[in-house]
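Hi,

Here is the structure I promised to pass on.

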Amino acid sequence: MNSKLIVIAIGGNSLIEDSKNVTVQSQYNAAQKTANHIAKLVKEGHRVVIAHGNGPQVGYILLRSDYSRSILHSVPLDSCVADTQGAIGYQLQRALDTAFNKLGIARDVATVVTQVEVDPQDASFQNPTKPIGSFFSQEEAKVHEEKDGWQMVEDAGRGYRRVVASPKPKKIVELNTIKVLLDNNVIVIAAGGGGIPIIRDENGNIEGKEAVIDKDLASALMAKELKADVFVISTAVEKVSLNYKKPNQLDLSTITTADAKEYIKQGHFAPGSMLPKIQAAVDFVESTNGMALITDPENLYDAIYSDKGTKIVKG
């Protein structure tokens, strides 16, 4: 395969291999495993942009903030996203540098703290449904509603959680910066956690919003705006499946965008799990005529060069 521009979206949960061991070092160790496979693509001559999730990591920041609320200020959600972009970007930079050293190559890696513009009139702001952070008792939830203005909902009998808007991404603010870095042969980490959600006021000034942008949709938007050749979504399974975890499960190797839309109509993909990944992949392919791939971290390289993973193509 000739040199391609590949945008790879990795999940924040992929940095959590053991829910009972979530130290910074354990997350770095997990990042190293993914970085080793990405480094092989770089060695083949491909340009790479990496996006990542941050759900668990933002949850940790919010929990620390809640525990220390009597002595410290709370942390706005847009700042939490910025914090995780820096921290996870640092972990990936270290991990990639180590992987490059093992392969005998030298490449610069940079993390871009990335803002993503959303529509202030997005319907999700009127009806927040995205749960974030920890579970609270009914009494604690009432305190947060009264003091912090949070919207709280009861979550499946497990307690109360904060819900926020999840608006659709409209524009990658730092897109030109990312392009300049790519043009100078830099591996770029950008749009972490779906990007920091911002709007512009009537004077054109940026204002951060307490919201969560879907990482896969933001990554697909970035891939489209960069005119990437390949868009890869790294997740927990090697291939997309129909009838997932049922006796008649069918793993998919290559599907067309028309196939994917039909499978969505049939309800094969779970909302908040595989569904947004399929939607993001279809959006990218239909907009660019490029190829999308969905697979797990250890098959990133083989999904490009062999039959691993699920390929989504125009059709």
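One thing before the details: this is a predicted model. I went through the sheets and then the helix pairs.

The pairing of E10 with E11 (residues 206–208) goes back to antiparallel, over three bridges. If you want a residue pair to click on there, Ile199 is opposite Glu207 of E11.

E10 and E11 form a hairpin with five residues between the strands, and Gly204 in that hairpin has a positive phi near 85°. How many of the five residues of strand E10 are buried? Four of them are, so E10 (residues 196–200) is largely enclosed by the rest of the structure.

**The three-stranded sheet**

The other open sheet I looked at has three strands, ordered E5-E7-E6, and its pairing is antiparallel. E5 (130–136) and E6 (151–154) are the edge strands; each has a single partner, so one side of each is left without a neighbour in the sheet. Twist averages 35° from one strand to the next in this sheet. E6 is joined to E7 (residues 160–164) by four bridges, with the two strands running antiparallel. Within that pairing, Gln151 has Val163 of E7 as its bridge partner. Helix H4 (residues 138–148) packs on this sheet and touches E5, E6 and E7, and its direction makes about 125° with that of E5.

**Two helix pairs, both involving H3**

Start with H1 (residues 24–43) and H3: their axes come within 7 Å and cross at roughly 50°. The two are therefore oblique to each other, and the crossing is right-handed. The H1 side of the contact includes Val24, Tyr28, Ala31, Ala35, Ile38, Ala39 and Val42, and among the H3 residues they meet are Leu92, Ala95, Leu96, Ala99, Phe100 and Leu103. By class, this contact has 13 nonpolar, five polar and three charged residues.

Then there is H2 (residues 55–67), which packs against H3 (residues 77–103) at an angle of about 125°, with the axes 9 Å apart. That makes H2 oblique to H3, and H2 passes H3 in a right-handed crossing. H2 contributes Gln57, Val58, Ile61 and Leu62 to the contact, while H3 brings Leu77, Cys80, Val81, Asp83, Thr84 and Ile88. The class count for H2 with H3 is seven nonpolar, two polar and one charged.

Cheers

Conventions. Residues numbered from 1 in each chain as written. Predicted model: local features only at pLDDT ≥ 70, side-chain atom pairs only at ≥ 80, totals over all residues. Heavy atoms only, no water. Buried < 20%, exposed > 50% of the residue type's maximum accessible area, 1.4 Å probe, protein only. Pairing = 2+ DSSP bridges. Axes fitted to C-alpha atoms, helices over the stretch in contact; angles between N-to-C directions. Parallel < 35°, antiparallel > 145°, perpendicular 65-115°, else oblique. Left-handed = near helix turned anticlockwise from the far one by under 90°. Contact = heavy atoms within 4.5 Å. Nonpolar A, V, L, I, M, F, W, Y, C, P; charged D, E, K, R; others polar.
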